[in-house]
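This briefing covers strand pairing, aromatic contacts and a surface patch. The sequence and the model come next, and the notes follow them.

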Amino acid sequence: MTVTPHRHSGPGPETDRTPEVLAPSQAPAGGWRRAGAQPWVMAAAVALAVAGAALSLNGVLRGWVWYPPVLTTVFVVALAIAALRALRAQPFLVALGGFASLVCILTFTFFRRDSIAGFIPSAETMDSLGRYLRRASETVLAESSPVAPNAGIVLVTCAVLGLVVILVDALAVPLALPATSGLGLLAILVVPAMVKPQSVGPWGFAAAAAGYLMILACSQWFSPDNGTTADTARNPGQFRRAAMTGGVALVVTLLLPLAIPGFDQGTFPQGSRLNPWGSSTGLNPMISLGNSLRSPSGDGRITYATSASRPPYLRSVTVDRFDGESWSPDDRDGSRRVGVGRMDSGNEILADEQVRQVTAINTGRFTSPYLPVPYAPDAVNGLDGRWSWDPATLSIKGVDTNSRNQQYVVQSTAPRLTPELLSRSSSPVRGISEEFVRPPNNVPDIVRTTADTVTQGSQTAYAKAMAIQNYLRSMEFTYSLQSPVQGGYDGNGLSVLADFLTQKSGYCIHFASAMAVMARLEGIPSRIAVGYAPGRSTGASVSVPGQGALTEYEVDSRDAHAWPELYFQGLGWVAFEPTPSRGVVPDYASQASSAGASTNENNDDLIPSNGATPGPTPSAAPAPLPGLDAAGAPRHPLTLPLYGAAGALLLALITASPRMVRTGLRSRRLKGNQSTGTVTAAAAWAELRDLATDYGLAPGLSETPRHFSRRLRGSGALGEPDGTDDAAARAVASLTADFERLQYGRPAERVDGAAPAGPSAADRIARVQASLRRHSRRPRRLRAEWLPPSVMNRWGQIVSLPFRSIAHAVGIPAQAAARSWRTVRDGLRRLRQG
């Protein structure tokens, strides 16, 4: 049943009248149709918002193979919630049904073979879940972005996003806090903002914003509050207010990285990266070392003292499978042996002289499941926890612990190698796994052609290895941390390798991958070692039992490095250094090295120098601005003036934005009705109220239009009440009468096409504005024109909306929340004023 209020005919107070009652058949049917569509439309909006925000996770997870299960999970949970709400289930049952649908879809996607009927969890499902979670835990602990989307990490991603769907829906519908539902989307966007060098990215941000606006629109359109209506002839401007809210939010997101510490340089959402804690302290065994090398400050510091004549490489893990677009270490869990008191690779070593060395290592805060040690370790003593080792690679991995705060002593042995000894090692390879020998599938033509061209004329495996190393260290190649990012080939994989050989610019992983793959193509077993280049001396000495005082060295994340190891029969695995200006070229590999290649004996050039003389190594500096060369100098004499003019224009636009908003609002109000060309009384009254607010006479919340009009005319803002500016006062009175007639009386009948009697509403508003300007002081006049309070107050309400929504969600009374917001606002204002 629908009731309609009776409209009183006069301007005075309305008397009690019996409301008109419409028969049920007269009630509009559109409301019922909208109510039936509400669950499904809101479910689509929530699913779009969460799935759109998930797009930003590309780059945190490698590739897109993880996205279909995420999309399936999000939409299944959203549709299940919509179905239960369409059946008018209680809110608690709707949320419970969302959780149940999430469990079923995760079981169907990941544990179909270990479940009942393919989607109901069983005891076997729980066992598989434990294995998946352990794999996900290892991935989070050990790897940095972009990580390979293994089943464990994809399962966790789907589960988290499904929970976000339930959270966003609960905030938007049963709790009636649609604006606060953006916190769930923000939780998704924070992950790439903190992890990815490119931050959220434009597509993920745009999709999340579109979904969020759809949630707000659905909440407005299907609002159960009768006092909140959509755009009508009597209530215009809902869309305009929404557009203004979105515009202010966009401006805030653009300016936020400039105002808050912790953002790297760039423009949100594409370039700004929230980085309050610095980079990860663990080495990335996925060999995406760019983030570590680009870190401005070294994290994960490791110190070690060694009996070796020069600081050795510290190796954590090896990569030996080069197929596909994502290379990763093979842990070989089935063949690993527990206990590192004695280790032996089993390789036949026929060298006349063996070099034994002792290294004492303190890992500090370096956190990884793999243990950094010099190659080849014979024994490791002093470790906490249980550790296992791989006979094929001698990599050491924790069974129930990790490398953080470990102090241990490593005994290692390696043959003393010479170029002559390596040249004589021409026997057929035997005794090693086929996976170190087998060339990868689908090798790009440029890789195969380059390998054949470079090694042409080389007769022995050593000669081929030296030809490849010398080619990569030649002047044709440059070391760069930025080129792979800008060129889109940062990471590993055969396609990345092809891009690297085309661009001839990259960092250690590209050089090591190129040499390892080309060596296999030439019949030489190879693998990639990941760890740390030789460190720098700390100037201190460490006493090691049985060794005396040894020189201490240090490495950190900026020393993260990758290098190839090639197998020679009778000599074992031999390290090479194809990366120019990084690491140390061994003596046995320095023969016939190109003149343009440089060797770095102590790796000092990995640390930014504070001196005036720059080092010879390219630094990990951001890419130069367009129009500037690498040194930051302008390529054209007009470049800097143009940038200066653009900056000044941007500053002027920001400064003038409140004035432009106020001018545009006034213009739209006074433009008039398109059909009649007249200004509505409601628009003229709204403009009068804003004018009074701008000049310090804001209407009270409980003030009637007549009382406000009387106060404005008697305040002196329009001149002294002695008739000095009686035209402006009459204009205010007539605008008030028009508005009262619109609100409380019957519309006046008028002949079509007849012009309204007296001055138009726009003329009367102009008279009032001119009078307010003429009778106000300069500071107030400047504030009304450039920082109009009518605009600034609206912006303040928009900014305070999340604060008030959160307060409502946690049960804080509205008045107490308002007082708290005013306290925060006043404190910020005093802080800004100094």
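Predicted model: local features only at pLDDT ≥ 70, side-chain atom pairs only at ≥ 80, totals over all residues.

Which residue is the bridge partner of Tyr567 in strand 17? The partner is Trp573.

**Strand 16 and its neighbours**
- Strand 16 spans residues 560-568, and nine of its nine residues are buried.
- Ala560, Ala562, Pro564, Leu566 and Phe568 point one way from strand 16, while His561, Trp563, Glu565 and Tyr567 point the other way.
- Strand 13 (residues 526-532) runs antiparallel to strand 16 and is joined to it by seven bridges.
- Within strand 16, His561 is the bridge partner of Gly531.
- Strand 17 (residues 572-575) also pairs with strand 16 in the antiparallel sense, over four bridges.
- Three residues lie between the strands in the hairpin of strand 16 and strand 17, where Gly570 has a positive phi near 85°.

**Aromatic pairs**
- The structure contains 18 aromatic pairs.
- One of them is Phe477 with Phe511: the ring centres are 6.0 Å apart and the planes meet at 65°, so the pair is edge-to-face.
- This pair links distant parts of the chain, 34 residues apart: Phe477 is in the loop between helix 12 (461-472) and strand 11 (478-479), and Phe511 is in helix 15 (residues 508-521).
- Phe477 has a relative accessible area of 4% and is therefore buried; Phe511, at 0%, counts as buried too.
- Tyr567 and Trp573 also form an edge-to-face pair, because their planes stand at 65° with the ring centres 5.2 Å apart.
- Tyr567 and Trp573 are both buried.
- Phe477 and Phe511 belong to one aromatic cluster together with Tyr471 and Phe500.

**Charges over rings**
- Arg112 lies over the face of Phe108, at 4.2 Å from the ring centre.
- Arg527 has its charged end over the ring of Phe436, 5.7 Å from the centre of that ring.

**Nonpolar surface patch**
- Trp40, Leu71, Phe75 and Leu79 make a nonpolar surface patch of about 360 Å².
- Helix 2 (residues 67-86) gives the most to this patch, contributing three residues.
- Trp40 is found in helix 1 (residues 30-54).
- Buried, exposed or in between: how does Trp40 count? With a relative accessible area of 41%, Trp40 is partly exposed.

Notes:
Residues numbered from 1 in each chain as written. Heavy atoms only, no water. Patch = residues over 30% accessible without salt bridge, like charges linked within 9 Å, V, L, I, M, F, W, Y side chains within 5 Å. Areas by Shrake-Rupley, 256 points an atom, 1.4 Å probe, with all protein chains shown as cover. Salt bridge = Lys/Arg side-chain N within 4 Å of Asp/Glu carboxyl O. Helix = DSSP H or I, 4+ residues; strand = E, 2+ residues; numbered from the N terminus. Buried < 20%, exposed > 50% of the residue type's maximum accessible area, 1.4 Å probe, protein only. Phe/Tyr/Trp six-rings, centres within 6.5 Å; stacked < 30°, edge-to-face > 60°. Lys NZ or Arg CZ within 6 Å of the ring centre and 35° of its normal. Pairing = 2+ DSSP bridges.
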